[in-house]
There are 2 protein chains.
Amino acid sequence: MQDEIEFATEAEDLLEEKIEHAYELIEKKDYSKLKELLEDMEPADIAMMLEEVPIENVPLIFRILPKELAADTFVEMDTDQQEVLIRAFSDEELERVMSDVFVDDTVDIIEEMPANVVRRILRSISPERRAKINDIMHYPEDSAGSIMTIEYVDLTESMTVAEAFTKIRETGLNKETIYTCYVIDRNRKLLGLVTVMTLLTSPPDAVIADIMDDNVIYTTTDSDKEDVSKLIEKYDLLAVPVVDREHRLVGIVTVDDAIDVIQEEAEEDFAKMAAITPMEKPYLKTSVFNIWKSRIPWLMLMMVSATFTGMIISGFENALQAEVVLTAFIPMLMDTGGNSGSQASVTIIRGLSLGEIEFGDILKVIWKESRVSILCGISLAVATFLKILLINRLLLHEHVSFMVAFVVCITMCFTIIIAKFIGCTLPLFAKKIGFDPAVMASPFITTIVDAVSLLIYFSVAKWLLGI
Amino acid sequence: MQDEIEFATEAEDLLEEKIEHAYELIEKKDYSKLKELLEDMEPADIAMMLEEVPIENVPLIFRILPKELAADTFVEMDTDQQEVLIRAFSDEELERVMSDVFVDDTVDIIEEMPANVVRRILRSISPERRAKINDIMHYPEDSAGSIMTIEYVDLTESMTVAEAFTKIRETGLNKETIYTCYVIDRNRKLLGLVTVMTLLTSPPDAVIADIMDDNVIYTTTDSDKEDVSKLIEKYDLLAVPVVDREHRLVGIVTVDDAIDVIQEEAEEDFAKMAAITPMEKPYLKTSVFNIWKSRIPWLMLMMVSATFTGMIISGFENALQAEVVLTAFIPMLMDTGGNSGSQASVTIIRGLSLGEIEFGDILKVIWKESRVSILCGISLAVATFLKILLINRLLLHEHVSFMVAFVVCITMCFTIIIAKFIGCTLPLFAKKIGFDPAVMASPFITTIVDAVSLLIYFSVAKWLLGI
């Protein structure tokens, strides 16, 4: 077994060795050997390695990297390090690095930097690229336009396959993907696409118009970036072309960006369901104050909204004083209610996020949840009755009368049914009125379910126990 | 605004129109027009359309699809429909479809089918492919081997660029990706890779050995599929080669499969955190009984574990009878504790899933959470005091003495600190002992935090109120 684990992590060990070796070479100031080593490493790994290097050494190491590798590594570094580096770079160095960074990555970097650093970056870029960056930065946040790249290969209908290959060879190295080429007309309107696979299997004198696929899956600059990544996922694409309102090709979104969007959206949903405001940086790199800021509003909200549950309990103070044993079951009823509710709400919220469920399915959802909740309610009521009988009465010798057990079980059953109903409908209505369904999951549903379960509990108790 | 929304969904409208049109043609039995229409549609969309078609018409529609499109559409359909189709197909039809399905997709289909259908599928496949399918099915579940495909282009070191292109042209159409080709030696050991981009920019007589990249990021058949998708994500790859213990190339995992793995893993974490056993099918397609089965064990577990909280309350019955107002704050304390705990646990669990946090970071995590929790605890205690003063006393005229308010606030502060400590350490220890951290999130942490917060509450109350 030990052997197998080692085998599986062989590649990882190799990477660690390389990084260790790099540290040694940096210490020894053996830059020619270091250069050789780094040239064999992936940009993401070099960036990881540089995180542990004293910041004053980083610009020096950067200078020995070949131009393209330097740019790729720069993109992979975290924002703080990028900022330090830009400040340490001379104008020429900054220009050298930025000229090889793709436009979409440049936009990402600019968005995170303080104004004076942004000015330096923009100054280091050619006016032409600057205009393009400006365009992308004007698209709404979270739109396809804001995450697209403008580095793609475009062809015209009248080109031959041989001409297409010449164009790819000439410009390809600076494009984010060359494997799908887009065919446009004189006004840059998107007409079709042709893959390198098709080009390779066509005779050199074939005309693009005859071999292109005019059935293109495309998106528009103002589409939601989540929808764009869903397209890529659904159709197994390497890239999606982005067109403007006049159907002119303005950029592409590539599959690696789509993966980032998918991860980001999942993390946002996780955070919201745990009642946290989503954070941009990884946990270990976020400051204590920022973590506090992302959590405290929700805790405050829950605390204040708990006034309702407090009021309900206060209102039944006399009943509780007459039958103190009732208090002992409050945590169980509240927890079970909360859990039942979040089981339904998380399922529906993720279904909405993944596009599996829509508001139009609300009746189907309610019908399904009703049956599930009745099944859950009855089975849990029976189990609770047995548990009170066996554990509370026989094992712990507590004085729980049959009537109290009955009250608890009836409440349990109704709480589950109502919790699941609230849990499945609230996110759908939230979505309908343009509110984020994921935010509904934790604090709101918990508060409502808590209040409802207590109301049921005390009403049933008053009625059956006559208190 | 209305106009913008319409614009953004233009492509979707077009798709809906196409699907409507297809339904009309099916009704009119105009199969030649239908064929034309379907040939212009994406496999995923045809599969979606077929879901709403009466099942007896589906085999008929399948017959008019071109061979490759039929196979691609078949792969996109859901399991139930696939099964019906296979049963409806003649042996020849089944052979025709299956011969164009990639090996990894065939394995996926086989894994979902009942034994008699599996036998028919295997009979329809050539003995050679059958042996390969058998190999893949023997890799452990969730391993790279179990999700890899064997359709890739392999080259040898001595080939020239021109020969490489010939090989790609000859075999490429049946490969899942041609854009990265893998270089192997006589024993199939992986030596390097060469991209089509490199091939295109190299002279035709260049030798592969001279232009290949021998620094290959690879994985092994028994690696976790999650780790493989992390590689693809980290290095922005289109595919990762998979080698066996002798470093022989046996398959590749492509980026589209990596996206599926990422989504699956996120959905599993969501389900576990909401105390649901992860389900395989989308919600609307899962039976009521299966949903019940995925939820009820967790509800039962919570119900039984609530015995502890019940015992604690019973133990302090006298204190509660002396100061009934204390009961009113139980829900608030429990909810805040539960929320604080899950804020910490969900953050850590996702950090673990994404590989941002490891067990070795435990001291860093505890140090960070301690500071966050003290900040949260103090701010919430102060806010609670103000809330009791303003809302409970002034607004609602409840009889909450300063001493009781003080008890509640101190409990609040300590509950948050302890809840966050438990929330951040438990998932890390779970991971360490090989237990799934996500399962810890909901039921376990809630139960422990509930019990601890009640113990603190009553102890502080006894001490300060002398009851």
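A:Val240 stands opposite A:Val253 in β6(A). The model is a predicted one. Strand β5 of chain A spans residues 239-243 and is joined to β6(A) by five bridges. The two strands run antiparallel. Five residues lie between the strands in this hairpin. One residue of the hairpin, A:His247, takes a positive phi near 65 degrees.

Strand β6 of chain A covers residues 249-254. Six of its six residues are buried, so the strand is largely enclosed by the rest of the structure. Burial here means that 20 or more other C-beta atoms lie within 10 Å of a residue's own.

A:Val253 has contacts beyond its neighbours within four places in sequence. These partners are A:Ala144, A:Ile147, A:Met148, A:Val228, A:Ala239, A:Val240, A:Val242 and A:Ala258. The largest nonpolar core holds 215 residues. Within this core, A:Val240, A:Val253, B:Val240 and B:Val253 touch the most other members.

The contact between the chains was examined next. Chain A supplies 104 residues and chain B supplies 103 residues. On the side of chain B that touches chain A, helix α18 of chain B (residues 288-315) gives the most, with 18 residues. The residues of that side divide into 57 nonpolar, 23 polar and 23 charged.

Terms used: Residues numbered from 1 in each chain as written. Chains lettered and ligands numbered in written order. Predicted model: local features only at pLDDT ≥ 70, side-chain atom pairs only at ≥ 80, totals over all residues. Buried ≥ 20, exposed ≤ 12 C-beta atoms within 10 Å, placed from the backbone. Helix = DSSP H or I, 4+ residues; strand = E, 2+ residues; numbered from the N terminus. Pairing = 2+ DSSP bridges. Core = buried A, V, L, I, M, F, W, Y, C linked by C-beta atoms within 7 Å. Contact = placed C-beta atoms within 7 Å. Nonpolar A, V, L, I, M, F, W, Y, C, P; charged D, E, K, R; others polar.
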